[in-house]
Amino acid sequence: MDEEIRRAREFESHRTHLRAVAYRMLGSVSEAEDAVQEAWLHVRRADTHEVVNPRGWLTTVVARVCLDFLRTRNSRREESEDLQGVSRLENVPAASDPEQESLMADSVGVALLVVLDALSPPERIAFVLHDMFSLSFDDIGPIVGRTSTATRQLASRARRRVHGAALSPDADLSRQRELVAAFHAAARGGDLDALLAVLDPDVVARTDARVLPAGATREVRGAASVARQATLASARARFTQLALIDGQVGLVIAPGGRLVSVLRFTVEGGRVVAIESIFDPERLRRLEVTVFPG
């Protein structure tokens with residue numbers, strides 16, 4: 001009994017740190033709490049007599065649990081993409097503790113959470129543990145099932161995606177940003193006239209076919225039709241932020257910092273001539289996304 005009490009006290013002394021680790025990996029307060037609790041169940045069953053660095057060891061235990069959570073989440077997400085389609089954005093569940101969720105997101109930065117969510121689970125684990133919590137690649141490698149060198153490459157690749165291309169001040173990107181920001185504001189406010197002002201008369205809007213309900217239209221043509229579609233989707237605007245997507249200005253839809261969809265814009269002659277909505281998880285993971293500061 002004395003040993004169990006000692007172990008519980010040791011664990012509780014590191015709980016705040018472990019929760020921070022789990023939140024940065026999972027981007028969800030409730031999932032982070034679940035991961036820490038799951039880690040405690042592992043700790044209770046483990047032989048800790050030879051552990052010389054309890055904080056580091058507990059961090060690796062939580063990281064393994066988070067890696068399992070991320071892999072399960074990705075699997076569930078891909079299934080739900082096919083089953084639920086675009087309509088799921090209109091019914092994003094509220095956090096169990098919205099105020100706490102908001103505080104945690106602010107402490108990390110929603111923009112960072114958006115980019116982290118686009119990483120593969122091993123990339124996310126490697127980046128968070130090394131760059132945010134200073135674990136060595138020798139310690140991280142066994143968690144993600146890679147050599148130290150391969151783990152270093154994972155973190156490096158993740159780092160490039162997190163920091164992304166520089167938010168360039170050049171005139172072309174500045175004009176793109178103005179147009180996309182105007183589109184976003186008009187869609188959020190349901191302002192058809194303002195939408196028509198930024199859309200080319202022959203604008204085309206396309207959506208991933210695999211996420212659409214049966215019989216739904218994959219392609220919408222013409223400024224009036226695209227503007228009406230944008231106003232119907234105005235409920236999503238509260239989750240939407242401007243971002244650089246593969247070097248071009250677009251929009252990311254990310255409730256709670258979790259990347260769900262991307263809107264890519266093609267601009268010609270000072271007007272939006274094409275909009276592509278991307279929901280496919282595999283395509284999202286391949287994009288280079290850098291969210292503009294709010």
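I began with Asp-246, whose place is in the loop between E3 and strand E4 (248-253). I take helices (H or I, at least four residues) and strands (E, at least two) as DSSP runs, numbered from the N terminus. This is a predicted model, where local features need pLDDT of at least 70, side-chain atom pairs count only at pLDDT 80 or more, and totals for chains, interfaces and linings use all residues. Residues are numbered from 1 along each chain as its sequence is written, and side-chain values use heavy atoms, with hydrogens and water left out.

Phi of Asp-246 is near 50 degrees, a positive value in a residue other than glycine. I noted it because most residues other than glycine have a negative phi. Asp-246 counts as partly exposed, at 35% relative accessibility. My cut-offs are under 20% relative accessible area for buried, over 50% for exposed, and partly exposed in between (1.4 Å probe, protein chains only).

Ser-134 also has a positive phi, of about 60 degrees, although it is not a glycine. I found Ser-134 in the loop between H7 and helix H8 (137-144). Is Ser-134 buried or exposed? Ser-134 is exposed, with a relative accessible area of 65%.

**The whole chain**

I then stepped back and counted 13 helices and seven strands in the protein chain. Of its 294 residues, 48% count as buried. I also looked at contacts (heavy atoms within 4.5 Å). Among those between residues at least 6 apart in sequence, 67% join residues at least 24 apart.

**The sheet**

In what order do the seven strands lie in the open sheet? I read E2-E1-E6-E5-E4-E3-E7, with mixed pairing. Two strands pair if DSSP finds at least two bridges between them. Strand E2 (219-221) and strand E7 (289-291) are the edge strands, each pairing on one side only. Neighbouring strands of this sheet are turned against each other by 25 degrees on average, direction ignored.

Ile-245 stands opposite Val-289 in E7. Helix H12 (residues 223-232) packs on the sheet and touches strand E1 (199-207), E2 and strand E6 (271-278). The direction of H12 makes about 50 degrees with that of E1.

**H2 and its two partners**

For helix pairs, axes are lines fitted to C-alpha atoms over the stretch in contact, and angles run from 0 to 180 degrees between N-to-C directions. Helix H2 (residues 15-26) packs with helix H7 (residues 121-132) at about 140 degrees, their axes 9 Å apart. H2 and H7 are therefore oblique to each other; under 35 degrees counts as roughly parallel, over 145 as roughly antiparallel, 65 to 115 as roughly perpendicular and the rest as oblique.

Which residues of H2 make this contact? I listed Val-21, Arg-24, Met-25 and Leu-26 of H2, which face residues of H7 including Ile-125, Val-128 and Leu-129.

H2 also packs with helix H3 (residues 29-45), at an angle of about 125 degrees and with axes 8 Å apart. That makes H2 oblique to H3 as well. On the H2 side I noted Arg-15, Leu-18, Arg-19, Ala-22, Tyr-23 and Leu-26. Among the residues they meet in H3 are Val-29, Glu-31 and Ala-32.
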